[in-house]
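Colleague: Thanks for making time for this. Could we go through the model together, strand by strand and helix by helix?

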Amino acid sequence: MPGDGSLEQLKREGRIVVVGASLAGLRAAETLREKGFAGTLTMIGDEPHEPYDRPPLSKQVLLGRAAADRTALPRSRAVDAIWRLGVPATGLDMAARRVRLADGDEVPYDRLLIATGVRARPWPREAEAELDGVFVLRTCEDSAALARRLEAGPKRVLVIGAGFTGSEIASACRERGLAVTVAERGAAPLVGALGGAVGAVAAEMQREHGVDLRCGVMVTALEGDASGRVRAAHLSDGSTVETDVVIVSLGATRNTEWLAGSGLGAGPRGIACDAGCRAFDIRGIVTDDIYAAGDVARCPHPLFGYQFLSLEHWGNAVTQAGVAAHNMLSESTDRIPHMEVPAFWSSQFGVNIKSVGVPSMGTEILISQGSLKDHRFTGVYGYQGRVIGAVAFDHARWLPFYQELIETTAPFPPPFTTVDRRPDGQRPLDADFPDPSVPTHGPTVTLSGYSPADRRMTFTPAH
C-alpha cells in the first residue's frame, strides 16, 4: 500500500516491520494482531531463536534449575509473522521506508517498530576478553555456557561490576557454594541504582553470604596462562585475584549503531521518541511511521520533569510495546501516552528487592517501614520536596501505596507517621548517589536530558 494510505487500508493490507525479536517485539506483534492488523508482519532478530525470557538467565539457569533453551516467552496469541531470525538489521532508509539486513536483503515497511534492546558491554581489551573463562551474560548461549562452567566447580569466580546483574550472578555462585570475588568501582553494590544508603545494606548482605567484596577498585588487566585460559585479575589497588572464571558485568550498550546516518534521533543513549513512542529524527521532528519500545527507547515522562527516560525494565518493555502497537494503528486523536510509573525487581542473597519510580533522581531517602539494620525495609526517595521513588527489601506490600504517592506528586517527606517506624527512619538521610557525570553501570533507569539528538555522546568504560 502507499505510505500515506488510510488506517483502514493499513490494517487490511499494510506492511509492519518489527526489528528486535525479543520481549517488546513479541508483545507488540501480539497487540497488533489483537487490534485487527491483517497485513504483512515481519519480525527481524539478530539471534537465531524465537523470543525468550531473559530474567531467568541470571537466576534459575545459573543455579541449574532451568535450561537456557527452555525459557521461551509464552504466547498470548498467534502472530502469523514472517520471521527473519539470525539476520541483524544493518541500516534504515527513512525516505524509501526500507530496512537493510546483513544478508543484503531489504524489507519495505509502512510502519516500523524498533525494539532492538541492549547488549552486554564487553571487556574493553579484546585479547583479554577472548581468554577462555571470561564471560558476559545477556543471551541464552551466554547463560548456558556460564552455567556449564559453574557446574564444573571453578576454584574462584570473579564478577566485575556489582549492579543488579552482577549481584544476582554473585548470589547464584554463592548458592552453588563457589568462592566469589566481586570488584566494584563504586562505593557499594547497587549504588548507581539505589544510592549509597541502600548500597551499604547490599554490601553487608554480600559479605554476610561469604562474598569477597572489593569496592572502590577497578580491574586493570586480566591475565591468561600459556593455554589461553584466564588465571588472574589485577586490580587498581595493586592486589591480584587468582581466578579461573571472570564474569564481566559492566552494564549494557543500546543497539542503535545500525541506525547511524539514517537521520533518526538515535545514539548511545537510545532512540528518542515522544510519549506515544513515535521516534524523533535528528532535527527533533517526530516521525509518524517509526516507533520505538523497550530498552532501546528513551521517552519523556511527565512525572519526572519530561526528561527522556531509558528503562531497562521487563514491565516497561511489555507496556511500552502495547502503547506503540496501539498508536501505530490509531488516528492522532486516539493515540495514548506511555505514562506507567517504572517498576523493577531483583532477587539476590535470599532477599526480594523491588523498586518503583526513579530512585536515582532522589537526593534524600526516608526509611519509612522496617530497618536498614535488619535488611528488611521500605525506603522512600525525595527530590525537590516530592516523592520520586521507593525501594523495598523483603517489604514489597507497601510499594503500591508509595507508587500512588509518586503518581500524585505527594510531598516529601510524607506528612504522616507509619506503623513500624524505627529510630533510623525518623528523618530523611542523604540518598548518596554517585556523581552522575561519572559513568556507572548500575542504574536500570537512565535520565538523559531533553535533546532528542545525542550524536555527540561518548562513553568511557567504567573499568
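Colleague: How many bridges join strand β26 to β27?

Modeller: Keep in mind that this is a predicted model. Strand β26 covers residues 364-371 and runs antiparallel to β27. The number of bridges joining β26 to β27 is seven.

Colleague: Which residue in the hairpin of β26 and β27 takes a positive phi?

Modeller: This hairpin has four residues between the strands. The positive phi there is near 60 degrees, and the residue that takes it is H375.

Colleague: How many of the eight residues of β27 are buried?

Modeller: Strand β27 is residues 376-383, and it is mostly covered. Buried here stands for under 20% relative accessible area. Of the eight residues in β27, the number buried is six.

Colleague: Which UniProt annotation covers residues 344-414?

Modeller: Over that range the chain is 13% helix and 51% strand, and the end C-alpha atoms lie 22 Å apart. The annotation comes from an unreviewed UniProt entry, and the name given is "domain: Reductase C-terminal".

Colleague: Let's turn to residues 15-321, which UniProt lists in an unreviewed entry as "domain: FAD/NAD(P)-binding". How far apart are the end C-alpha atoms there?

Modeller: The chain over residues 15-321 is 21% helix and 31% strand. Its end C-alpha atoms are separated by 17 Å.

Colleague: Which strands are at the edges of the open six-stranded sheet?

Modeller: The order in this sheet is β3-β2-β1-β7-β21-β20, with mixed pairing. From one strand to the next, the twist averages 30 degrees. Each edge strand pairs on one side only, and the two are β3 (82-85) and β20 (278-280).

Colleague: V17 stands opposite which residue in β7?

Modeller: Strand β1 (residues 15-19) is joined to β2 by five parallel bridges, and V17 has T42 as its bridge partner in β2. Strand β1 also pairs with β7 (residues 111-114) in the parallel sense, over four bridges. In β7, the residue opposite V17 is L112.

Colleague: Why is strand β2 largely enclosed by the rest of the structure?

Modeller: Strand β2 is made of residues 40-45. It is largely enclosed because, of its six residues, the number buried is five.

Colleague: At what angle do helices α2 and α8 pack?

Modeller: Helix α2 is residues 23-34 and α8 is residues 314-328, and α2 passes α8 in a right-handed crossing. The contact includes L23 and R27 of α2 and W314 and M328 of α8. Its residues divide into ten nonpolar, three polar and one charged. The axes are 8 Å apart, and the packing angle is about 35 degrees.

Terms used
Residues are numbered from 1 along each chain as its sequence is written. This is a predicted model: local features need pLDDT of at least 70, side-chain atom pairs count only at pLDDT 80 or more; totals for chains, interfaces and linings use all residues. Side-chain values use heavy atoms; hydrogens and water are left out. UniProt positions are given in the numbering used here, feature names are shortened, and annotations may be inferred rather than shown by experiment. Axes are lines fitted to C-alpha atoms, for helices over the stretch in contact, and angles run from 0 to 180 degrees between N-to-C directions. A crossing is left-handed if the near helix is turned anticlockwise from the far one by less than a right angle, and right-handed if clockwise. Contact means heavy atoms within 4.5 Å. Ala, Val, Leu, Ile, Met, Phe, Trp, Tyr, Cys and Pro count as nonpolar, Asp, Glu, Lys and Arg as charged, and the others, Gly among them, as polar. Buried means under 20% relative accessible area, exposed over 50%, partly exposed in between (1.4 Å probe, protein chains only). Two strands pair if DSSP finds at least two bridges between them.
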